[in-house]
Every structure is written in structure tokens, then in C-alpha cells.
Amino acid sequence: MAESCLFCRIVGGEIPAEEVFRTEDVLAFRDISPVAPVHVLVVPLVHHDSLSQLEDAELAGKLLLAAVEAARCENLLETGYRVVLNTGRDAGQSVGHIHAHVLGGRALEWPPG
Ligand code: AMP
């Protein structure tokens, strides 16, 4: 755990969050400032700064499958959803702990801004 990391502190229960589900590898919780009717974040329990630092292929697969599970939990499989991993400054990554956004519940525009 990185002590100053916001999402490590959420994983550790130090900062409250609205959990969607938790496995032995990942935590899914609601984004505090949702940009869509459904906005869930999926994070590995273990700290990695971003997708660029993630070398564990098994964990990468689990993260992606957990994003699908979050979509399933939120009844998005039929209507569709978007999975976004903002990585680095130009992508607007604001929290340095890898996280997948799962967005849905409305028609999403493309391309993103
Ligand atoms: P990003 O900009 O891709 O790094 O995404 C970080 C996300 O974390 C943003 O959508 C924020 O709204 C969200 N966020 C920040 N703090 C919290 C928090 N305490 N609980 C839940 N989501 C948060």
C-alpha cells in the first residue's frame, strides 16, 4: 500500500466509498463525481501507478474482467458501456493508482474530449 495514495486508502477502508463488489484482487466502487448515470471505478488492491507500470498480465486480465463484472452488476450488458483507463497527464489521470472507469446508463459521445 502506498500511504499517500487515495485509492490505496479506499481499498484499506480508511476512506469510505460505496463498494459495488470486492474480490481478492480488485475493488469496484462508485465514482464520487459521476459523469454518467453509472460510473464505477475498478482498482487493483495492490498499488500500481498507472497502466504503463502494470506488468502483471494476469492482474491486467482480472482488472478487465472485473470491469465487465461491474457492468453486469449495473445491468449495462444489454445497453452497453465504456471502459476507460486514463493514463498520464494528457489523458487527465488525476489519481496515481491504476483504475478503470466503467461508464454507462446513457448514450456516450465519441470521440471523448
Ligand atoms: P482519473 O481522472 O481518470 O484519474 O479518475 C479519477 C477519478 O476518481 C475521478 O473520476 C474522480 O471523480 C474519482 N474520485 C476522486 N476521489 C474519489 C473518492 N474519494 N471516491 C470515489 N471516487 C473518487
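Me: Let's start with the shell around the ligand. By class, how many of its residues are nonpolar, polar and charged?
Reply: Keep in mind that this is a predicted model. The ligand is surrounded by 17 residues. Split by class, that shell has two charged, seven nonpolar and eight polar residues.

Me: Which element gives the largest share of that shell?
Reply: Each of α1 (6–11), β2 (26–30) and β3 (38–44) supplies at least two residues of the shell. The largest share is three residues, and they come from α1.

Me: Which residue has a side-chain N or O atom 2.5 Å from an oxygen atom of the ligand?
Reply: The closest residues are Asp31, Asn86, Ser94, His99 and His101. In His99, a side-chain N or O atom is 2.8 Å from a ligand oxygen. For Ile32, a backbone N or O atom lies 3.1 Å from a nitrogen of the ligand. The 2.5 Å pair belongs to the side chain of Asp31.

Me: And how much of the ligand's accessible area does the protein cover?
Reply: The space the ligand takes up is the largest pocket. On its own, the ligand has 500 Å² of accessible area, and the protein covers 83%.

Me: Zooming out, what pattern do the helices and strands follow along the sequence?
Reply: The protein has two helices and five strands. Read along the sequence, they go α-β-β-β-α-β-β.

Me: Last one: what radius of gyration does the protein have?
Reply: The C-alpha trace spans about 35 × 30 × 30 Å along its principal axes. A compact globule with 113 residues would have a radius near 13 Å, and the protein agrees with that, at 13 Å.

Conventions:
Residues are numbered from 1 along each chain as its sequence is written. This is a predicted model: local features need pLDDT of at least 70, side-chain atom pairs count only at pLDDT 80 or more; totals for chains, interfaces and linings use all residues. Side-chain values use heavy atoms; hydrogens and water are left out. A residue is near a molecule or strand if one of its heavy atoms lies within 4 Å of it. A polar contact is a pair of N or O atoms within 3.5 Å; within protein, one must be able to donate a hydrogen and the other to accept it, and residues adjacent in sequence count only if both atoms are side-chain atoms. Accessible areas come from the Shrake-Rupley method with a 1.4 Å probe; for residues, only the protein chains shown count as cover. On a 1 Å grid over the protein atoms alone, a cavity is a set of points where a 1.4 Å probe fits but cannot get out, and a pocket is an open set with protein on both sides within 12 Å along at least five of seven lines; lining residues have an atom within 4 Å of a point. A molecule sits in a cavity or pocket if more than half of its atoms lie within 2 Å of its grid points. Helices (H or I, at least four residues) and strands (E, at least two) are DSSP runs, numbered from the N terminus. Ala, Val, Leu, Ile, Met, Phe, Trp, Tyr, Cys and Pro count as nonpolar, Asp, Glu, Lys and Arg as charged, and the others, Gly among them, as polar. The radius of gyration is taken over C-alpha atoms; the globule rule is 2.2 Å times the number of residues to the power 0.38.
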